[in-house]
Amino acid sequence: MPRAGVCSCWGGQVLPLLLAYICYLLLGATIFQRLEKQAEAQSRDQFQLEKLRFLENYTCLDQQALEQFVQVILEAWVKGVNPKGNSTNPSNWDFGSSFFFAGTVVTTIGYGNLAPSTEAGQVFCVFYALMGIPLNVVFLNHLGTGLRAHLTTLDRWEDHPRHSQLLQVLGLALFLTLGTLVILIFPPMFFSHVEGWSFREGFYFAFITLSTIGFGDYVVGTDPSKHYIAVYRSLAAIWILLGLAWLAVVLSLGSLLLHRCSRLWQLIRGLDVKDGAAPDSEPRSQKIPISA
């Protein structure tokens with residue numbers, strides 16, 4: 001019966017997955033609470049202490065005037081104005097920064113440190129995202145598919161000579177290694193050098209960005225005390241697009257590399273793995289598709 005089939009699917013697949021999902025969220029919430037709550041309390045106490053010291057040093061101000069000034073600073077920050085420095089700070093809406101913002105919109109990163117404040121800008125952002133997000137998904141899918149097609153050929157791979165199989169595995173491993181260096185190692189080192197971060201902070205920024213989480217606690221090109229080249233944030237936006245495409249390829253090539261390494265290990269041990277199967281297993285019935 002259709003209803004019985006739905007109930008069976010819910011009880012057999014969806015419900016356990018839902019429970020695992022909820023448990024994973026509860027586990028994350030518990031760990032984050034234990035790791036961050038005490039540090040937040042210390043920061044809050046330190047901030048209140050600094051406000052009291054400020055009032056003691058500047059007796060012409062009262063508590064209400066200080067709170068109003070803090071509110072002005074918060075409003076400026078929400079609108080993308082860095083309260084540090086002065087009015088000569090570079091604009092958040094020059095072409096390079098605007099290009100960077102457009103990239104964070106279509107990739108759904110959304111750092112949260114900058115957003116349109118005008119009515120026209122907000123309306124345009126909605127329609128721009130409606131068209132740009134699907135376009136970005138299609139672009140990354142086609143780019144990832146094209147790269148996979150040039151990097152791997154699975155048709156009758158096991159029938160190739162052993163040295164050919166080894167070269168293919170080494171080629172995939174080399175691609176993954178170079179990609180990791182170019183996307184996840186060298187850019188964080190560069191960002192750390194330019195922004196004055198540690199490598200840990202630079203790597204954290206790179207991962208949070210390319211995973212499209214985008215907390216906004218670390219964003220390139222926002223320090224008013226530094227002088228950035230005009231195309232700095234535009235280059236960062238291009239790195240984001242290339243990084244997202246590379247990650248899409250890695251998700252499929254990672255399992256492929258493990259599959260081929262397993263086959264080579266069996267060949268090295270002298271096992272019969274013709275047609276991709278061990279001696280006691282059934283022969284494969286179909287080819288492995290190239291695309292995900």
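How exposed is Glu 40? Keep that in mind for Exercise 1. The model is predicted: local features need pLDDT of at least 70, side-chain atom pairs count only at pLDDT 80 or more, and totals for chains, interfaces and linings use all residues. Residues are numbered from 1 along each chain as its sequence is written, and side-chain values use heavy atoms, with hydrogens and water left out.

**Exercise 1. Describe the salt bridge of Glu 40 and the exposure of its two residues.**

Step 1. Apply the cut-off: a salt bridge is a side-chain nitrogen of Lys or Arg within 4 Å of a carboxyl oxygen of Asp or Glu. Glu 40 meets Arg 44, with the closest N and O atoms 3.2 Å apart.

Step 2. Helices are DSSP runs of H or I with at least four residues, strands are runs of E with at least two, and both are numbered from the N terminus. Glu 40 and Arg 44 are 4 residues apart in helix H1 (residues 2-57), so about one helical turn separates them.

Step 3. Check exposure. Buried means under 20% relative accessible area, exposed means over 50%, and partly exposed lies in between (1.4 Å probe, protein chains only). Glu 40 has a relative accessible area of 45%, so Glu 40 is partly exposed. Arg 44 is partly exposed because its relative accessibility is 45%.

**Exercise 2. Work through the salt bridges of Glu 50 and Glu 67.**

Step 1. Start from the total: the structure holds 3 salt bridges.

Step 2. Take Glu 50. Its side chain meets that of Arg 53 at 3.4 Å, N to O. Both residues lie in helix H1, 3 residues apart, or about one turn. Glu 50 is partly exposed at 36% relative accessibility. Arg 53 is partly exposed too, at 41%.

Step 3. Take Glu 67. Glu 67 bridges to Lys 51, and the closest N and O atoms are 2.6 Å apart. Glu 67 sits in helix H2 and Lys 51 in helix H1, so the pair ties together parts 16 residues apart in sequence.

Step 4. Compare the two ends. Glu 67 is partly exposed at 32% relative accessibility. Lys 51 counts as buried because its value is 9%.

**Exercise 3. Find the span of helix H2 and the backbone feature just after it.**

Step 1. Helix H2 covers residues 63-78, which is 16 residues.

Step 2. The expected span is 1.5 Å times one less than the number of residues.

Step 3. Just after H2, Gly 80 takes a positive phi of about 90°.

**Exercise 4. Classify two aromatic pairs, Phe 54 with Tyr 58 and Tyr 204 with Tyr 218.**

Step 1. Set the rules. Rings of Phe, Tyr and Trp (its six-membered ring) pair if their centres lie within 6.5 Å; planes under 30 degrees apart are stacked, over 60 edge-to-face, and the rest tilted. The whole structure has 17 aromatic pairs.

Step 2. Phe 54 and Tyr 58 lie 4.8 Å centre to centre with 35° between the planes, a tilted pair. Phe 54 is partly exposed at 33%, and Tyr 58 is partly exposed at 45%.

Step 3. Tyr 204 and Tyr 218 are edge-to-face, with 5.7 Å between centres and 80° between planes. Tyr 204 lies in helix H6 (residues 199-210) and Tyr 218 in the loop between H6 and helix H7 (232-268), so the pair ties together parts 14 residues apart in sequence.

Step 4. One aromatic cluster includes Tyr 204, Tyr 218, Phe 205 and Trp 239.
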